[in-house]
Amino acid sequence: MTGVCGRQVAACRPGTTGDAMDRAELVALASPPCHDCGESVQRVEIRWHLDEDANWRPGPSFMVCADGHRVLVEPLA
Ligand SMILES: [Zn+2]
């Protein structure tokens, strides 16, 4: 993986509950603000899709802020 996506995924793995505050703070440090309201994004949602060869691949991914805005994560070129 390249760019900001990989860091966010590592810090926001689904299923790790109980440290939401610490995790949100870590993500806030590593993440850009929400494009809609300017708050730091709190988590990242990764969708999975089947490509043309029927392999599961991650993406697209969305950053989600405290107000629930979803911002599509654009892969860095
Ligand atoms: Zn927002």
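Guide: The largest nonpolar core has 6 residues in all: Cys 34, Val 41, Val 44, Met 63, Cys 65 and Val 73. S1 and S2 are the elements that give two or more residues to this core. Keep in mind that this is a predicted model.

Visitor: What makes these 6 residues a nonpolar core?

Guide: Cys, Val and Met are on the list of types. The set with Cys 34, Val 41, Val 44, Met 63, Cys 65 and Val 73 is the largest such core here. As a general point, nonpolar side chains tend to be buried together in soluble globular proteins.

Visitor: Why does Val 73 count as buried?

Guide: Count C-beta neighbours. The cut-off for buried is 20 or more within 10 Å. Val 73 has 22 inside 10 Å, so Val 73 counts as buried. Val 73 lies in the segment after strand S3, which spans 70–72. The C-alpha atoms of Val 73 and Phe 62 are separated by 5.3 Å, though the two are 11 residues apart along the chain.

Visitor: Is Ala 54 buried or exposed, and why?

Guide: Exposed is the label for 12 or fewer C-beta atoms. Ala 54 has 6 others within 10 Å, so Ala 54 is exposed. Ala 54 sits in the loop between strand S1 (41–50) and S2.

Visitor: What share of the protein chain do buried residues make up?

Guide: They make up 18% of its 77 residues.

Visitor: How do you know that S1 and S2 pair, and in which sense do they run?

Guide: Pairing needs at least two bridges. S1 and S2 are joined by 8 bridges, so they pair, and they run antiparallel. Partners can be named. Val 44 has Met 63 as its bridge partner in S2. Glu 45 has Phe 62. His 49 stands opposite Arg 57.

Visitor: How many bridges link S2 and S3?

Guide: There are 3 bridges, again in the antiparallel sense. The cut-off is at least two, so S2 and S3 pair as well. Val 64 stands opposite Arg 70 in S3.

Visitor: What order do the strands take in the sheet?

Guide: The order is S1-S2-S3, in an open sheet of 3 strands with antiparallel pairing.

Visitor: Why are S1 and S3 called edge strands?

Guide: Each pairs on one side only. Neighbouring strands of this sheet are turned by 35° against each other on average, direction ignored.

Visitor: What pattern does the protein chain follow along the sequence?

Guide: The pattern is α-α-β-β-β.

Visitor: What sets the phi of Ala 54 apart?

Guide: Most residues other than glycine have a negative phi. Ala 54 is not a glycine, yet its phi is positive, about 65°. It belongs to the hairpin of S1 and S2, with 5 residues between the strands. The hairpin of S2 and S3 has 4 residues between the strands, and there Gly 68 takes a positive phi near 85°.

Visitor: What makes the bond between Gly 59 and Pro 60 a cis peptide bond?

Guide: Look at omega: it is about 0° for the cis bond that joins Gly 59 and Pro 60. Most peptide bonds are trans. Pro 60 is found in strand S2, residues 56–65.

Conventions
Residues are numbered from 1 along each chain as its sequence is written. This is a predicted model: local features need pLDDT of at least 70, side-chain atom pairs count only at pLDDT 80 or more; totals for chains, interfaces and linings use all residues. A nonpolar core is a set of buried Ala, Val, Leu, Ile, Met, Phe, Trp, Tyr and Cys residues joined through C-beta atoms within 7 Å. Axes are lines fitted to C-alpha atoms, for helices over the stretch in contact, and angles run from 0 to 180 degrees between N-to-C directions.
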